[in-house]
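I opened the notebook to look up ring packing and one annotated site. My entries follow in the order in which I checked things.

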Amino acid sequence: MGSEMKTKEELNSDAERLLEPILAKKAAGGTISPKERLAIPVQEMPTQDPAARGKNVSEVALGYGECQARLEAERCLGCKNAPCVRGCPVQVPIPRFIEEIQKGDFKAAADTIKETNLLPAVCGRVCPQEKQCQLECTVGKSLKSIDNAVAIGRLERFVADWERENNKVTVPEVKPGTGKKVAVVGSGPAGLTVAADVAREGHRVTIFEAFHKTGGVMVYGIPEFRLPKSIVQAEVDILKKMGVSIETNFLVGRTRTVKELMEEDGFDAVFIGVGAGLPKFLGCPGENLVGVFSANEYLTRANLMKAYDAEKSATPIYQSRIVAVIGGGNVAMDAARMALRLGAAEVHVIYRRTRDEMPARAEEVEHAMEEGIVFDFLRNPEKILGDDQGRVTGMEVKKYELGEPDASGRRSPVPIAGSEYIFDCDTVIVALGNESNPLLTKTTDNLDVDRRGRIIVNEDQKTSLDRVYAGGDIVLGAATVILAMGEGRKAAAAINTLLK
Amino acid sequence: MNRIISKKQLSADVYEMTIEAPLIAKSRKAGQFLIVQIDTDWGERIPLTIADADPAAGTITMVFQTVGASTHKLAVLSPGDSVENVLGPLGNPTHIEKFGTVVCVGGGIGVAPLFPIVQAMKEAGNTVKVIIGARTKELVIFEDRMRKYADELVIVTDDGSYGRKALVTEPLREFCEADPKPDMSIAIGPPIMMKFCEKTTAEFDVPIMVSLNTIMIDGTGMCGGCRVTVGGETKFVCVDGPEFDGHKVDFENMMIRMRSYKDREDRDHHTCHIGLGIEPHAAPGGK
């Protein structure tokens with residue numbers, strides 16, 4: 001835990017001292033040996049003080065300063081086989097962009113990333129790099145800990161922020177118009193990726209979004225304190241400059257069907273990236289009491305509708321004193337931390353397994369703990385209790401222990417008989433994951449879906465319908481921003497081939 | 001942006017507004033609704049009914065009651081102004097078929113969403129009996145429009161200032177007692193009214209459809225804010241409804257859930273009256 005808590009400026013001037021001799025040596029024509037590179041300390045991410053940040057929705061992680069970024073970049077060995085790139089779902093040319101940072105050419109670094117990823121400011125912030133690019137990093141392996149891998153995500157974020165803050169953002173080149181029209185359904189990470197890749201080839205792209213704002217989970221789900229909405233907006237604005245049209249308040253399946261888009265509105269291809277937005281509930285008694293929310297509802301009110309600003313926002317949010325968040329993923333962390341910022345006195349995360357099995361990013365769990373969120377591991381609610389007004393007063397909770405590893409190697413939680421106890425709380429937020437929303441698939445004839453309502457696609461992301469492609473969570477089930485983008489990239493390539 | 005074409009005040013606190021929304025006008029069916037947000041940055045998303053549509057003109061008509069801050073802000077807009085966000089049509093259309101005799105009950109503002117259903121039921125060849133209920137004479141809306149389609153129209157007011165002095169359940173009971181009894185009934189209005197319509201029809205084994213207007217945020221099935229218990233199962237009003245078999249709905253739970261934000265709504269409504277310079281008057285029900 002960041003007990004010393006240095007400021008962004010202090011961290012940057014520490015980095016400056018270490019960076020100076022390296023730059024001097026290079027300027028004199030010398031080279032930095034791998035041994036020297038491995039000796040450079042991992043650059044810590046400056047953050048807002050935990051006590052202060054629990055009371056605001058501003059971004060927690062503050063981002064590297066220039067010296068910190070350049071020093072961290074010097075840790076990269078520039079491996080010829082670049083294992084990190086293999087770990088990235090959209091194959092960002094990582095060693096190349098880091099080399100540009102080493103040279104101090106941040107603009108070139110940003111342009112290099114954008115060859116394959118148009119949302120670097122988002123991905124640098126929310127990707128689980130420890131399970132992707134950084135997991136494969138040679139430096140991390142040499143130093144025997146994933147924590148010592150080159151901080152690729154932080155570097156990606158740095159160059160994207162630098163470019164935006166210094167007004168150096170350039171619009172990617174778009175080929176001459178082909179006259180072909182492509183509809184992109186959903187403006188989340190998958191849809192935005194497809195829109196960019198297809199627009200580059202000169203096709204006319206229209207994005208259809210049901211909400212009044214674009215960005216999907218990046219605007220309604222991931223909170224401001226992890227991903228400022230102005231950043232999502234800036235990245236969407238680039239698409240508009242590339243000629244992409246955006247239709248908000250347009251629910252495909254109701255406002256127009258997929259068939260109408262193709263047969264009447266003249267779209268040559270359709271990409272479906274509507275995500276997995278249907279929240280799961282507990283299925284236990286009391287789940288419809290007042291004070292029980294899906295994390296989707298809670299976060300949508302707080303993020304998209306900005307209910308955290310009770311003076312300006314017309315959307316109310318439940319006033320809570322003691323909050324129980326059920327679940328152990330990133331959404332649970334986001335909901336718990338948001339509840340704290342909305343003034344709850346006490347926030348508990350109730351999770352059936354232990355910290356080791358939590359699917360949430362380690363960094364988010366750490367941040368939550370620093371902010372004072374309480375973790376009740378090996379617990380699960382049996383039922384939610386309410387008063388005569390139908391409002392939540394608590395939960396009956398059962399204790400669990402970890403049993404034998406199952407087929408997948410994960411130890412499954414086993415309830416302990418007779419261990420039930422009453423946990424007092426006034427709010428329950430359910431973050432047990434999402435399923436695919438059936439609205440679009442049910443209103444599209446002959447579109448094949450699996451048992452769980454996910455759209456079935458081939459290796460090119462093509463669905464059972466000609467000229468209709470799908471990707472992201474509607475295919476994968478609830479996954480990550482970057483995996484959705486990876487699917488979008490594949491679909492876009494297939495659409496571009498189709499329309500050639 | 002959806003331009004307001006016309007606005008008409010139908011009663012003390014009920015307005016009819018016609019707005020430009022060509023795609024919605026084209027695809028909407030009886031029973032469907034909208035999510036409306038007056039301003040993108042700070043406005044809330046509220047569910048409103050589509051009372052009518054003109055596909056040729058590309059317009060839809062919504063009827064709403066000023067029960068809170070957002071509906072009041074909507075009511076002070078004028079033709080030429082715009083509503084920033086209108087999403088629709090949402091929800092499943094009403095199941096329309098030739099049932100035989102259909103009794104349609106509308107209470108208060110619920111008369112507006114009932115109108116396209118009455119129209120469609122009549123066009124499908126049914127004998128349509130309509131009951132309109134209001135607190136008082138000034139709050140009776142859509143009488144003329146209903147008359148065009150209803151085979152029989154009964155108006156009741158709580159205070160007897162117009163039509164019969166009765167609750168809607170009285171004429172409903174009489175229709176149920178007739179021989180043959182109705183083949184289908186529909187009730188749209190305040191939850192308490194729908195609950196008692198359900199009880200009345202249950203006695204006679206007459207099926208009843210109710211259209212629920214719960215709290216909503218997105219209206220597309222992604223949050224569950226609108227959820228209700230139907231036949232012991234959790235259902236989302238925005239995608240599974242808004243119409244359900246009234247005999248299976250847990251109205252008690254629904255009414256409790258609709259009061260979730262009562263304190264905040266009262267505060268905003270009060271502030272809004274001051275801000276908009278409107279005389280406050282008693283606001284019945286929640287949204």
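I count a contact when heavy atoms lie within 4.5 Å. The model is predicted, so I kept to its limits: local features need pLDDT of at least 70, side-chain atom pairs count only at pLDDT 80 or more, totals for chains, interfaces and linings use all residues, and side-chain values use heavy atoms, with hydrogens and water left out. Residues are numbered from 1 along each chain as its sequence is written, with chains lettered from A and ligands numbered from 1 in the order in which they are written.

Entry: the annotated site.
I looked up the UniProt record. The unreviewed entry places a "binding site" at Val63(B), Phe64(B) and Gln65(B). I note that such annotations may be inferred rather than shown by experiment; feature names are shortened and positions follow the numbering used here. Phe64(B) lies in strand 5 (residues 59-65) of chain B. Gln65(B) belongs to strand 5 of chain B too. Strands (E, at least two residues) and helices (H or I, at least four) are DSSP runs, numbered from the N terminus.

What does Phe64(B) contact, leaving aside its neighbours within four places in sequence? I found Asp13(B), Val14(B), Tyr15(B), Met17(B), Leu48(B), Thr71(B), Leu74(B), Ala75(B) and Ile109(B). Phe64(B) counts as buried because its relative accessibility is 1%. Gln65(B), at 15%, counts as buried. My cut-offs are under 20% relative accessible area for buried, over 50% for exposed and partly exposed in between (1.4 Å probe, protein chains only).

Entry: aromatic pairs.
I paired rings of Phe, Tyr and Trp (its six-membered ring) with centres within 6.5 Å; planes under 30 degrees apart are stacked, over 60 edge-to-face, the rest tilted. The total over all chains is 13 aromatic pairs. One of them, Phe211(A) with Tyr220(A), is tilted, at 5.9 Å centre to centre and 50° between the planes. Phe211(A) is buried at 6% relative accessibility. Tyr220(A) is buried at 12%.

Next I looked at Phe115(B) and Tyr149(B). This pair is edge-to-face, with 5.9 Å between centres and 70° between the planes. It links distant parts of the chain: Phe115(B) is in helix 3 (residues 111-123) of chain B and Tyr149(B) in helix 4 (residues 143-149), 34 residues apart. Phe115(B) is buried, at 3% relative accessibility.

I also logged one aromatic cluster of Phe293(A), Tyr298(A), Tyr318(A) and Tyr261(B).

Entry: charges over rings.
I required NZ of Lys or CZ of Arg within 6 Å of the ring centre and within 35 degrees of the ring normal. Lys181(A) has its charged end over the ring of Phe267(A), 4.5 Å from the centre. Arg341(A) has its charged end over the ring of Phe225(A), 3.9 Å from the centre.
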